[in-house]
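Subject: Structure handover

Hello,

Here is the structure we talked about. My notes on what I found in it follow below.

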Amino acid sequence: MKRGLFAKGKEQEHPFERLCPDPGRGLIRSQVDERIAAGAFNRRPEGITPSVRRIVLKNCLTLFNLINLFLAALILAVGGNVFNVLFIGVVICNTGMGIFQELRAKKTLDRLTVLARSGAEVVRGGVLANIPQESIVLDDIMHLSAGDQILADGVVVSEKGLETDESLLTGESDRIRKAEGASVLSGSFVTAGQARVRVTAVGEGSYANSITADAKKRRKNRSRLLWMLNMIIRILAVIIIPLGALLFYYDWVGGRGIEDTVTAVLGTSAAVVGMIPGGLILLTGVTLTVGAMNLARKKALVQSLPAIETLARADVLCLDKTGTITDGSMALEKIEPAGDFTGERVEKAVSELMGALQDQNATARVLRRSLGESADWRPIAALPFNSDRKWSGATFEGRGSYLLGSPAIVLEGTGSPAYIQANRYAAQGLRVLCLAFTEAPITGTGLPEGLGCAALILIADTIREDAAETFRYFAEEGVALKVISGDNPRTAGAVAARAGLEGAERSIDMSTVGDADFAAIVEEYTVFGHVTPRQKQELVRAMRKNGRTVCMTGDGVNDILAMREADCSVAMAGGSPAARNASDFVLLSQSFSAMTGVLMEGRRVVNNIERVAALYLVNTIFSVILSLIYAFLPYPYPYITNQMTPVNFLTTNVPAFFLALQTSYGRPRGRFFSNIFEHAFPAGLTVVFNTLYLQLAGYCFGLGDAEVSTMVVLLCGVVGFFLLVRVAGPMDRFMRTLTATMAGIFVVLFAFAGTPLVLRPFALADIMNRNAFFYLPLFYFSYHIHGFLARACHQAIERLDAFNNRL
């Protein structure tokens, strides 16, 4: 067996005396209690899902939240009213959404884990008892039978034909023969025989749990969108504190005659809050949460919200043969009789063999399900299947001997027509068994003489019904598919070809690869066979070094490190609990076609967030510029926080929410900063121009601060609607109606809601009547200035893209 990265586990050390109890008697009650008291029982590791406390603290204690809470407390401390701290609602909504989604994912995953738990049979005091897996203690004697999952690491102390399937640990589907003294690992399954095993490691010390814990330490958040948002926040964090302090100093004690501390604090708070794109952070959280809810309806559990975006950008999808291309089951494909044997005689012989042998491996179950089992013939010798011999058989009274096994073993010579035909079928990805017949009896464990081929029995992995359509979809969307399997590369490639995977003929046997250039290998081949867990991880790492965004699917412990190395990961609900816990997504429906829905939902989220980012970041741009300017002007900051509430709500928050829910399934083009430069930057400069123009008007015409603030907010709203029309275009009927409605509400608020918003709506009419010749052209200039700057930025981006393409 190939163990790759994984080393054989050591026995755990504890203060009590370690025992090797008699397999027929096991531990007694006092010895069990002693181990439980010492913590040497099969406890579930903490931290598989984060605790509620950790989820709450992680979402609450963020830089964005702390800055806003500090400003709100400062405003209330100096005598501000409740209307002045309305911006804190963004903090509460943003934090609540994050906590809600993470708690929801935790609840679902914990429920899946509980459902996946099974009991264990142990020998205690000479009695065979069924106990919960958490009650297994060190030195317990576990009784294992065919079909059981091994729940703790141990050593075989007695066995009868024990064979295990360690595919969830190693990725290889071979059955492993376990003799007395051999080690068995948690997470593997018993495929044949019986055994009693002394437990050597439990809980966090067990093999599967140690791999999961190691993988968790390696995981990093690779969300490009959140990285860009966090980078903006980090840059602003450096700017906000000194700039805010400078602005407050000049407002309060800078000799401007402002003696009202509340006014100084409100002006500084407006500048600081305007610099932080809190609405964009909120919208990102809300949109990701809505996306996660939509995916939940499609039977896909999102465990990491940022992974929705990462998957949307994925251009490589790595998958295993079993569980993704196939559904893990097998079916009888065909029986091809040889010589004088008829199909009816072959089916009868196989049915009698199933009745005589009672094998419980996967192949026997397929044959028993398809052909049944009977006991009409009297067996006088029977030899169950063994992975070392690779055949089973029985001698029947008066009917000779029938053997079932690998053609390479039961057929004499590799040049026989049956052997050559068997190889042809194997090259097509089929499992080929040979039913051999001889008149000689079976004696001992050696092959009887005179064997001849009675039939070739073909067994096929069941291809998922939706596999071909799913693969075609990903190919059309520009996502490369790579099959990384522990199985034979020829078999994996043939199965992939049957499922319609493009390039399935380009396969490589990774057991023959030494210190090769993995970066070149991953670009050249599509199917990778005989892959160890270490090689899986290295393959994924090589793809990422080549500039690919990689999504890894898996269902076993052997997949975990590769899943954590990938940019995002997907597990099947029927896979190992360790794989589910380590993944970003869990497909609850066992249908791989759900991946198409996950990809489409992720693309919708990312494309729309990149689209509406400009609506939010325009505030950041003009707030930073105005703060720098007003720190050196003999005037107070032109508006306070709640004066901008109608502008932000009507031109940004409401329209952006509906824009973020629109369908947009194209591949993300990474235009986050391009959209900001093309849309937000021109709008921000237009607001700065308008504000300085109005400040000059106030000086020339003797207007008070309230009048100037009212006009600044009005012009900010006008520019906001200009920007909304550009970002949302081309508009459908709904968006045109929504925009018109928001504009109407904006006008009504100015007319009737001046007091809570600290606006002077009635003074506005007087101002317009007295100074219409000065103000009316400003609306015209704002429109054309914004348009001119937008066109200039757009042309600059096009030239930059063309230059990059030439490079």
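Two strands count as paired if DSSP finds at least two bridges between them. Helices (H or I, at least four residues) and strands (E, at least two) are DSSP runs, numbered from the N terminus. This is a predicted model: local features need pLDDT of at least 70, side-chain atom pairs count only at pLDDT 80 or more, and totals for chains, interfaces and linings use all residues. Residues are numbered from 1 along each chain as its sequence is written, and side-chain values use heavy atoms, with hydrogens and water left out.

**Overall**

The protein chain has 27 helices and 21 strands. Of its 807 residues, 55% are buried. Buried means under 20% relative accessible area, exposed means over 50%, and partly exposed lies in between (1.4 Å probe, protein chains only). Contact means heavy atoms within 4.5 Å. Among the contacts in the protein chain with a separation of 6 or more, 73% link residues 24 or more positions apart.

**The β1 hairpin**

Strand β1 (residues 119-124) pairs with strand β2 (residues 127-132) over six bridges, in the antiparallel sense. E121 faces N130 in β2. Two residues separate β1 and β2 in this hairpin, and G125 in the turn has a positive phi of about 65 degrees. β1 is also joined to strand β3 (residues 141-145), antiparallel, by two bridges. There, V123 has I141 as its bridge partner.

**The eight-stranded sheet**

This sheet is open, with mixed pairing and the order β8-β21-β20-β19-β9-β16-β18-β17. β8 (300-302) and β17 (507-509) are the edge strands; each has a single partner strand, so one side of each lacks a neighbour in the sheet. On average, neighbouring strands of this sheet are turned by 20 degrees against each other, direction ignored. For these angles, axes are lines fitted to C-alpha atoms, for helices over the stretch in contact, and angles run from 0 to 180 degrees between N-to-C directions.

β17 runs parallel to strand β18 (residues 527-529), with three bridges between them. S507 sits opposite V527 in β18. Helix α18 (residues 533-545) packs on the sheet and touches β9 (316-319), β16 (480-484), β18 and β19 (550-554). The direction of α18 makes about 160 degrees with that of β19. Helix α21 lies across β8, β9, β19, β20 (568-572) and β21 (585-587). α21 runs at about 145 degrees to β21.

**Helices α21 and α23**

The axes of α21 (residues 594-630) and α23 (residues 672-701) come within 7 Å and cross at roughly 40 degrees. The two helices are therefore oblique to each other. Angles under 35 degrees count as roughly parallel, over 145 as roughly antiparallel, 65 to 115 as roughly perpendicular, and the rest as oblique. By class, the contact of α21 with α23 has 19 nonpolar, five polar and two charged residues. Ala, Val, Leu, Ile, Met, Phe, Trp, Tyr, Cys and Pro count as nonpolar, Asp, Glu, Lys and Arg as charged, and the others, Gly among them, as polar.

**Two residues to look at**

E678 lies in α23. E678 counts as buried, because its relative accessibility is 11%. Leaving aside neighbours within four places in sequence, E678 contacts R671, A790, C793, H794 and I797.

F657 belongs to helix α22 (residues 645-660). At 31% relative accessibility, F657 counts as partly exposed.

Best wishes
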